[in-house]
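Here's a quick look at one protein chain, from its overall make-up to a couple of spots on its surface. Have the sequence and the 3D view handy as you read.

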Amino acid sequence: MDNGSGGAAGVFWRWWTAGTTSAVGSAVGAVALPLTALTVLDASAFEMGLIAAAGYVAWIVIGLPAGVLVQRMPMRRVQIIADVARAAAVVSIPVAWWLDRLTVAQLVVAALVISFANVVFDVANSTFLPSIVSKEQLQSRNSLTSGTHAATQLGGPSIGGLVVQVLGAVPTLLVDAVSYLVSALLLRTLPERHPQAPDRWPPMRAMIREGWRFVARHPVMGPCMWAATAANMVCGAQQALYALYLVRELHAEPGLVGLLLAADGAGTLAGAALTNRITARLGTARALILAGFLTVAGALVVPLGAGWQGYAAFAVGNVVFSAGVVLLSVVTRTYRQIASPPDLLPRVMATVRFVSWGAIPVGGLVAGGLAGVFSGRTALLVFVAAAVCVPLVLLASPIRHLRDLTDHQEDDGPTGPAPRRRRLAAETG
């Protein structure tokens with residue numbers, strides 16, 4: 001833990017403020033970017049899916065190497081560089097618009113740059129947290145972080161919708177760019193975390209393989225990763241179709257679009273606020289099963305109804321789905337941070353996000369294609385099948401026999417993770 005200027009608590013709160021500032025801007029940008037595509041460029045359903053997919057495709061391309069790169073580089077510096085890169089990508093959109101050269105291709109390229117920067121930033125950021133708080137505080141700090149994210153998701157889209165209605169979609173994107181720069185300045189005040197470098201680093205492929213095997217063969221982390229993958233595929237479909245569904249099928253105005261999208265933040269806030277209470281009452285393993293069924297119920301309700309009934313169903317389903325996803329996220333993220341060996345943590349986080357977040361662009365592309373052929377409502381209903389996989393995967397794993405995830409005892413025998421790590425060091429050192 002850091003005991004320098006301001007103490008460990010001061011370091012955490014500066015880290016938290018940087019993330020919160022960036023999240024507010026991103027929540028505004030999450031409304032402004034699709035509305036830019038829809039209202040300025042008249043994007044098709046497939047183009048909307050392509051833009052949404054571009055925002056996450058980097059997890060498929062560099063998700064696994066990112067864990068190794070972060071382990072070898074100063075984590076604070078990595079986050080600052082990523083923030084600056086994201087700001088530059090967002091600024092490029094209004095610049096192209098002012099020059100009358102904005103195209104859908106420009107939005108896709110900007111989304112790709114942001115996507116690659118997000119990968120490196122998120123792996124470094126999630127690995128940084130356990131180095132500044134104790135294990136006993138991790139779940140509460142993760143819950144606070146998720147709750148804060150929920151609050152920004154609750155207020156950000158509403159603010160974004162209103163600002164778009166007043167200023168237009170493209171100028172509103174500047175709010176997102178400024179938030180990244182403020183985040184970078186705040187991160188500069190944090191202590192650097194230099195990697196503990198061995199005399200000779202093992203080959204990258206060997207390090208990636210070690211992280212993959214640890215997660216994939218783990219009887220708890222493995223199923224949690226696949227459940228998160230199913231949930232994120234649904235999230236990808238929703239991100240690609242929500243704005244299109246609200247504008248073109250429910251005929252909502254930009255201000256109302258922002259308000260309805262803010263329901264995601266309300267659900268995330270509720271999930272984050274109740275996570276500690278739910279896990280204390282049910283246990284972390286049983287809480288995951290509950291989270292799985294909440295995602296199914298929410299995904300099913302979202303595309304029901306028309307008119308004001310459609311708006312109500314969208315809001316309620318969004319709240320329930322988001323509450324289930326954040327409960328799943330907080331519990332599994334905390335377990336990974338506690339149960340992973342410190343030397344493997346960056347690669348564990350990268351492996352899980354490579355698989356689970358890599359499903360987001362797949363969901364976005366498939367949903368965009370389905371919506372182009374059928375409708376946004378039909379595509380959202382099809383993805384309820386993916387949501388059903390979340391509780392099924394958990395129920396098919398050893399998790400169904402546990403009350404708490406930590407009840408599972410790690411196998412450190414001849415085939416367990418510890419000997420594998422020693423063999424890797426012997427082979428590559």
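Predicted model: local features only at pLDDT ≥ 70, side-chain atom pairs only at ≥ 80, totals over all residues.

## The chain as a whole

Strands don't feature here: the protein chain has 18 helices and 0 strands. It runs to 429 residues, and 56% of them count as buried.

Contacts reach across the sequence, too. Take the ones between residues at least 6 apart in sequence: 87% of those join residues at least 24 apart.

## A nonpolar patch

Which residues form the nonpolar patch on the surface? They're Val 40, Val 91, Val 95, Trp 97, Trp 98, Leu 99 and Leu 174, and together they have about 610 Å² of accessible area. Helix α4, covering residues 75–98, gives the most to this patch, with 4 residues.

Leu 174 sits in helix α7, which spans residues 169–187. This leucine has a relative accessible area of 30%, so Leu 174 counts as partly exposed.

## A positive patch

There's also a patch of positive charge on the surface, where Arg 205, Arg 209, Arg 213 and Arg 217 gather.

Arg 205 belongs to helix α8, residues 204–217. Is Arg 205 exposed or buried? Its relative accessible area is 66%, and the cut-off for exposed is over 50%, so Arg 205 is exposed.

Methods:
Residues numbered from 1 in each chain as written. Heavy atoms only, no water. Patch = residues over 30% accessible without salt bridge, like charges linked within 9 Å, V, L, I, M, F, W, Y side chains within 5 Å. Areas by Shrake-Rupley, 256 points an atom, 1.4 Å probe, with all protein chains shown as cover. Salt bridge = Lys/Arg side-chain N within 4 Å of Asp/Glu carboxyl O. Lys, Arg positive; Asp, Glu negative; His and termini not counted. Charge placed at Lys NZ, Arg CZ, Asp CG, Glu CD. Helix = DSSP H or I, 4+ residues; strand = E, 2+ residues; numbered from the N terminus. Buried < 20%, exposed > 50% of the residue type's maximum accessible area, 1.4 Å probe, protein only. Contact = heavy atoms within 4.5 Å.
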